[in-house]
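Here is a brief report on one model. It covers strand pairing, the core, the ligand shell and some loop residues.

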Amino acid sequence: MKVNWAERVWVNSPLRSLILKREIQFFKKLRDLPPESHCLEIGCGRGAGALIILREFQPSRLEALDVDPTMIRLAQGRKPSWALDHLLFYVSDAQHLPYSDASMDAVFNFGIIHHLEDWEQGIKEIARVLRKDGGFYFEEIYPALYANVLTRKLLDHPTENRFRGPEFRMALATEGLKLLSGYRETRFGILGVAVKG
Ligand SMILES: C[S@@+](CC[C@H](N)C(=O)[O-])C[C@H]1O[C@@H](n2cnc3c(N)ncnc32)[C@H](O)[C@@H]1O
């Protein structure tokens, strides 16, 4: 589900970029990528996270998708020349990834799984496209943050079949994604890396 105007303002803000930078630096400390890696970011929005992933992890290729063509246009418009050979932005649905099995070294998710109508299908797809030992790097939030008494009036999210920590961690385990120790979790969300066994 696309973001509404209020969430668009938030995800396109400088503060959001700063948070993404700190989270990506945290990910790198938890688990670096192998050289020459091929990565995917789902729900890339205007591409702020993708540029930080490129700078911090230096993968040889990063493909970044979003279901919203307006976001992809914004991302394409701010792609710097140094990223041209390594980065592709395109429109697609994270619930049906256009990749063969075991084709990615890493998948990044910054707050998009909770936007999926079928979030378990999203996790299934991530696990399918990851190679063995590939990493799922995620920031995910729970209804206590995006559907509380205030935010549910301001933001648009699917309302059926929602997850919190236990369901999210269970879905990772079901798909063979092992959560690395050192992850951070509060009642509002989770930040961590899970590795395909
Ligand atoms: C909360 S925003 C996060 C954007 C960016 N990742 C960030 O952290 O700033 C969620 C993004 O997921 C995208 N999205 C929602 N449903 C999607 C889907 N089914 N497939 C791909 N992207 C989706 C939205 O268009 C939006 O750009």
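## Strand pairing

Glu 140 stands opposite Ile 190 in S8. Strand S8 covers residues 189–196 and runs antiparallel to S5, with 7 bridges joining them. Two strands pair if DSSP finds at least two bridges between them. Helices (H or I, at least four residues) and strands (E, at least two) are DSSP runs, numbered from the N terminus.

The model is predicted: local features need pLDDT of at least 70, side-chain atom pairs count only at pLDDT 80 or more, and totals for chains, interfaces and linings use all residues. Residues are numbered from 1 along each chain as its sequence is written.

S5 (residues 130–141) also pairs with strand S4 (residues 104–110), in the parallel sense, over 6 bridges. Ala 106 has Gly 135 in S5 as its bridge partner. S4, helix H5 (residues 119–129) and S5 form a right-handed β-α-β unit. Right-handed means that, with the strands pointing away from the viewer, the path from the first strand over the helix to the second runs clockwise.

## Nonpolar core

The largest nonpolar core holds 45 residues. Such a core is a set of buried Ala, Val, Leu, Ile, Met, Phe, Trp, Tyr and Cys residues joined through C-beta atoms within 7 Å. Buried means 20 or more other C-beta atoms within 10 Å of the residue's own; exposed means 12 or fewer, and partly exposed lies in between, with C-beta atoms placed from the backbone. Ala 50, Ile 53, Ala 64, Val 107 and Phe 136 have the most contacts inside the core. Helix H3 (residues 48–57) gives the most to this core, 6 residues.

Beyond four places in sequence, the contacts of Phe 136 (C-beta atoms, placed from the backbone, within 7 Å) include Val 107, Leu 177 and Val 193.

## Ligand shell

The ligand is surrounded by 26 residues (C-beta atom, placed from the backbone, within 6 Å). The closest are Gly 43, Gly 45, Asp 68, Ala 94 and Phe 110. By class, the shell has 14 nonpolar, 6 polar and 6 charged residues. Nonpolar covers Ala, Val, Leu, Ile, Met, Phe, Trp, Tyr, Cys and Pro; charged covers Asp, Glu, Lys and Arg; the others, Gly among them, are polar.

## Loop residues

Ala 102 lies in the loop between S3 and S4. Its phi is positive, about 50°, although it is not a glycine. Ala 102 is partly exposed because 13 other C-beta atoms lie within 10 Å.

Asn 161 sits in the loop between helix H7 (151–154) and helix H8 (165–174). Asn 161 counts as exposed because it has 11 C-beta neighbours inside 10 Å.

Technical notes: Two residues are in contact if their C-beta atoms, placed from the backbone, lie within 7 Å.
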